[in-house]
Amino acid sequence: MIQIAHIETPFKTKFGVPRQAGLTEYEARVVFEPEFRVAEAVRGIEEFDYLWLIWQFHLAERKEWSPTVRPPRLGGNKRVGVFATRSPFRPNPIGLSCVRLLRVEPGPVLVVQGADLVDGTPIYDIKPYLSYADSHPEARSGFAQSAPPAALSVADPEGLTDALPADLCNALCQSLSQDPRPHYQEDPDRIYAMLFDRWEVRFRVADGTATIISVKKC
C-alpha cells in the first residue's frame, strides 16, 4: 500500500492517546504527501461531516501473532479474540477511525476533530462516512456497549495549564480524564510524564483525580 498522508496531532507518543476516536475535541490536521497534494482529489469532501481514516499502527511493537488479546476495557485480565477487539497488536497493524471534518484548508489539508492517532501516523486511505450505511445505533457492541465515562477528574491547583492555548488545555484535560495509565498501575505516588504538543506534562493519580504537577515546554 502507498501512504497518502500523515496526521498532525498533539500526541507525540502512544501514552495519552485517546483509546477510541471521537472522545476528544482537539483539532488535528491530515496533511497529504507531495504526490497526493492535489485539490481535485478532495473536491466535494466538505459536503460530508465525518470521514473514515485508514491508517497504520506504526509504533505498535511487533510480536508474534496471537489469536487472543487483553483489552484495557476489560481491565486487562480477560482474553478475547483479537478480531473481536481494536487492539493494535494484529496480524496486519491497520487502524480505522471515524473523525469529524471541520474544514478544508489550502494544500489541501483536512482539519478534523476526534482523532485517536499519534502525531505522524501514516494514513493509507480516506473515505466519507455515510450515515445511512455506516450508522447502526441499535447494534450490539459486545464488551464496549457504550462510551466509557470519564475515569478521572483533573486538578490543576497551581494553574500550570494556563500557559497552554485554550484548545490544547481542553484537549489535555479530556485526555487525562480518560486515565491514560496502563490498567495495572495504581501507585498513587508514581509520577507520569506525557508529551503533549510542545509540552511535557507530569501528573499523579490518587483517589480518582489526576493532579497536574508540572507543565514544561519542550
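A contact is counted here when heavy atoms lie within 4.5 Å. On that basis, among contacts in the protein chain between residues at least 6 apart in sequence, 69% join residues at least 24 apart. The model from which this value is computed is a predicted one.

The overall architecture may be taken next. The protein chain contains two helices and 12 strands, and their order along the sequence is β-β-β-β-β-β-β-β-α-β-α-β-β-β. Its radius of gyration is 18 Å, close to the 17 Å that the globule rule gives for 218 residues, so the chain is as compact as a globular protein of that length. Along the principal axes, the C-alpha atoms occupy a box of roughly 55 × 45 × 35 Å.

Of the 218 residues in the protein chain, 35% are buried. The accessible surface amounts to about 12,700 Å², and carbon and sulfur atoms account for 51% of that area. As for charge, the chain carries 25 positive and 28 negative side chains, with the centres of the two sets 6 Å apart.

Aromatic contacts provide a more local view. A pair of aromatic rings is described by the distance of the centres and the angle of the planes. The structure holds eight aromatic pairs, one of which is formed by F11 and Y26. The ring centres of F11 and Y26 are 5.2 Å apart and the planes stand at 70°; because an angle over 60 degrees counts as edge-to-face, the pair belongs to that class. F11 and Y26 both lie in the loop between β1 (5–8) and β2 (27–32), and the pair links distant parts of the chain, 15 residues apart. Both residues are buried. Ring pairs also bring in F196, so that F11, Y26 and F196 are linked into a cluster.

In the loop between β6 (94–105) and β7 (109–113), where P108 is placed, the peptide bond from G107 to P108 is cis, with omega near -5°. Two aspartates have positive phi values without being glycine: D197, at about 55°, and D207, near 55°. D197 is situated in the loop between β10 (191–196) and β11 (199–206), whereas D207 is in the loop between β11 and β12 (209–217). D207, with 83% relative accessibility, counts as exposed.

Note on methods
Residues are numbered from 1 along each chain as its sequence is written. This is a predicted model: local features need pLDDT of at least 70, side-chain atom pairs count only at pLDDT 80 or more; totals for chains, interfaces and linings use all residues. Side-chain values use heavy atoms; hydrogens and water are left out. Rings of Phe, Tyr and Trp (its six-membered ring) pair if their centres lie within 6.5 Å; planes under 30 degrees apart count as stacked, over 60 as edge-to-face and the rest as tilted. Helices (H or I, at least four residues) and strands (E, at least two) are DSSP runs, numbered from the N terminus. Buried means under 20% relative accessible area, exposed over 50%, partly exposed in between (1.4 Å probe, protein chains only). The radius of gyration is taken over C-alpha atoms; the globule rule is 2.2 Å times the number of residues to the power 0.38. Accessible areas come from the Shrake-Rupley method with a 1.4 Å probe; for residues, only the protein chains shown count as cover. Lys and Arg count as positive and Asp and Glu as negative; His and the chain ends are not counted. The place of a charge is taken as NZ of Lys, CZ of Arg, CG of Asp or CD of Glu.
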